[in-house]
Every structure is written in structure tokens, then in C-alpha cells.
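Open the structure in your viewer and keep the selection panel at hand. This tour goes stop by stop: what to select, then what is there.

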Amino acid sequence: MNAASVHLPGARSVVQSLGASRIREVANAGIGLPDMLPFWFGEPDETTPAFIRDAAKQALDGGDTFYTHNFGVPPLREAIAAYVSALHRPVDVNRVAVTSSGVSALMLLSQLIINPGDRVVAVTPLWPNLLEIPKILGAQVVKVPLRFEQHGSRTWELDLQQLLDALTPDTTAVYLNSPNNPTGWVIAPEQQEAILAHCRRHGIWILADDVYERLMYDGDPARKACAPSFLDIAASEDRLVSANSFSKSWLMTGWRLGWVVAPQPMMADLGKLIEYNTSCAPGFVQRAGIAAIEGGEDTIHRTVARYQAARDFLYERLNALPGVTAPRPKGAMYLFFRIDGQREPDTLALCKRLVTDARLGLAPGNAFGDEGEGYIRWCFASSLERLDDGVRRLAGFLEKH
């Protein structure tokens, strides 16, 4: 039979129905263009600190190129458990597993608790990967949007009662990302208490994406700043799973290293999923993770101070532009702002136009769900000089359009 005459089936229907990343779509349109100034991805403009890179080099030179335990090397698991316990409540090392990236952690936890046909609730706007992961597993995703309070403080807020009403007894899990990508919204402790009590009553899982928990602003610089976390209040037997990553706090986006905290009874099954997904994270990368935790607090404090200055600079400059409304984020590393009066049909088209006409790379708000339409995400993990250049390019674009 001629291979050309063979009709191959397509991918699973649920995979075909997934939305492709609109952030990637914009980036693919701009990568390689001369004089391109990108702020589309959520990563810093700094390389990983030398002491972390040196730890990986030493591990490689020492021959650390073999498989490790599914859950990670014991020194890293112990370091993570101590780190999480210091920030929150005590967490036993046997509840910690190392993963090959934060997004892998989110997928693994979703595979652990979600069945086909399950009902999942997500607070949006939300990073597109987290919206699509439950769909890959055949779940139905119900979205509860944050509200943009334009008057007064101009912040994104959660309607707690709306979320509780959506968490019906037939709900399997709620997905929460705080500090939030893309809005910078941070959940309040009293909201967490109410959500946890509600989920306990109805047997609903809480999947917490805690990747940005150290990127909090306007706090006491002498304290170890950290966002409110369900790990602060949940008992070890609660239906809570937490995903985290080395990417944001320690400037390690390309290393692809993360971790999860899960109830002890789930760990054996989680180990199976890790084995059948990635088997283990690379050993030399894990050694870099140990160095990051043990010696990285100064890096985190410096990064938070740098990002807060960048946030304040970009917030002031954007709000000075005609037609631009930019709320001040409480955490994470993004400004999610609106431009009024644009003629483009949607923010994806607008961001593509910014690429071609201004060589400015931003992320379209509709990449984060329909609730994000009308907004644009700007990653401010950058120098003031680069941000200033970007604002000038945006201002020039707006004058012409």
C-alpha cells in the first residue's frame, strides 16, 4: 500500500480542541526580527546567579549524569521540606516530590486527582497552561473571573461568594494561582480560610499554583516576604496539593525544576506518575536547586526589590499614556493593562501589530481566557532602561494609531 494513500487519524478530539498558546503565537511572529524588544514571556532579563550555575557544573564534573529517585535526591527533598516549613507550617519530607519544572508539577497533580468528565473550577484570568491541563484530562473547566475595580485603588478582586457558589458538591477541584499570572492579584487570608472550609465540607481538592509566592511587594523588607498560602492553614490530611518552581524566585526559568507538596497517602501513586512522565529530574539540575535554596535568600530579596522598582516605574509610565489604564499588581511580575480606543479586533491582533510596527513584544490578554480580552500583559522583570525603551515604543505606536 502506498503510504500516501493511508488515512491517518488525527489526535484525540480533546487535544484538537485545545487552544494553542497565543503568547507563543505573538512570540513566534517576533522572534528573530531585528531590534525586537520582548516582554512576552514570564522570565527575567538576568541569568541565573553564578553560585547556582557553579553547583550544576561541579555536579556534572563529578559525573552526576545518572537517574535519581523518582521523588528527587534526598538532600534536595530535605532542603525543600525545610524551606516550605520555614515559610508556612511544618511539612514532612515524605510529602515532597521534585519535578521536572513547575508546569510538570501542575500536570502531575492534575493527573493525580482529575478523572475524565470531572468538573473543575478555575479563577481567571489564568496562565493558559493551567486552563488547558484539565481539558487534556477530559475535565470540564468552569471559570470564575476576577473583577477589575477601576475606581479607587484600581485592583483586581475576587468575588468570594461567586467562587463559593461555583464550588458545588459535584466539583472535583478548584485551581487557584496567587499571586496571579497575569493580573498580580493576591488572595486574602480570610478568603483562603473560607475556601478551605467550603472545600472540606464538600470534599473538593484545592490545587494551588504557588510559583510566585515569594514575589510580593510593599511589605516589610526585613521580613521573609511570602504571599498568603493554603499551606499556612491546611492540615496534612486536607485535600490540598501545591505546585512550585525554582524558575521565578531564583531566576532559573531554563533549568526546568519544580516541586510538589501533597498528602502522604497520595505519594505512592504520584511516584508512579513521575516514573511514567519523566522518571526523574536531572541530578545535576537538582544539585543547582540545593544551592539555590541554601544560598539564595539574598538573591530573592534583591530580585523582589528590583522588581518592585520596575513595577512602580512601569505603573507610573503606562498610566501617563493617553487611554491606558494599568492597575498596580500586589505580586508576581506582570502589569495587566488596558488600552482604550484601539481599532484591532482583539488583543492578539493588537499584540501582533505591536510586533510589526513597534518591535515591542507583549502578551495578549485573551491568551489567559476570554476574561482577559481587552487587556495586555507586560512582564516587568527587567531593567528600567529596557522598560523605558518599551514604553517609548508603545507611546510612539499609540500616537500613530
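Helices (H or I, at least four residues) and strands (E, at least two) are DSSP runs, numbered from the N terminus. The model is predicted: local features need pLDDT of at least 70, side-chain atom pairs count only at pLDDT 80 or more, and totals for chains, interfaces and linings use all residues. Residues are numbered from 1 along each chain as its sequence is written, and side-chain values use heavy atoms, with hydrogens and water left out.

**Stop 1: the sheet**

Two strands pair if DSSP finds at least two bridges between them.

**Stop 2: strand β10**

Select residues 258-261, which make up β10. β2 (residues 96-99) pairs with β10 in the antiparallel sense over 4 bridges. Within that pairing, A97 has V260 as its bridge partner. On the other flank, β9 (residues 240-245) and β10 are also antiparallel, over 4 bridges. There, S242 is partnered by V261.

Now colour by accessibility. Buried means under 20% relative accessible area, exposed over 50%, partly exposed in between (1.4 Å probe, protein chains only). Both faces of β10 are covered: G258 and V260 are buried on one side, W259 and V261 on the other.

**Stop 3: helix α4**

Select residues 74-87, helix α4. The helix has 14 residues and reaches 20 Å from its first C-alpha to its last, close to the 20 Å expected at 1.5 Å a residue. That expected span is 1.5 Å times one less than the number of residues. Show its side chains next: the buried ones are L76, R77, A79, I80, A81, Y83, V84 and L87. What do they pack against? The partners are β2, β10, α10 (283-295) and α11 (297-319), with contact meaning heavy atoms within 4.5 Å.

**Stop 4**

Most residues other than glycine have a negative phi, and most peptide bonds are trans. Go to S101, in the loop between β2 and α5 (102-113). S101 is not a glycine, yet its phi is positive, about 105°. S101 is buried at 4% relative accessibility. Then pick L251, in the loop between β9 and β10. Its phi is also positive, about 60°, and L251 is buried with a relative accessible area of 4%.

Next, the cis peptides. T124 and P125 are joined by a cis bond, omega about 0°. P125 sits in the loop between β3 (119-124) and α6 (128-136). The bond from S178 to P179 is cis too, with omega near -10°. P179 lies in the loop between β7 (171-177) and α8 (189-202).

**Stop 4: cysteines**

A disulfide is a pair of cysteine sulfur atoms within 2.5 Å. How many disulfides does this rule give? The count is 0. Select C379: the nearest cysteine sulfur, that of C351, is 14 Å away. C379 is buried at 3% relative accessibility. Finish at C199, buried at 3% relative accessibility.
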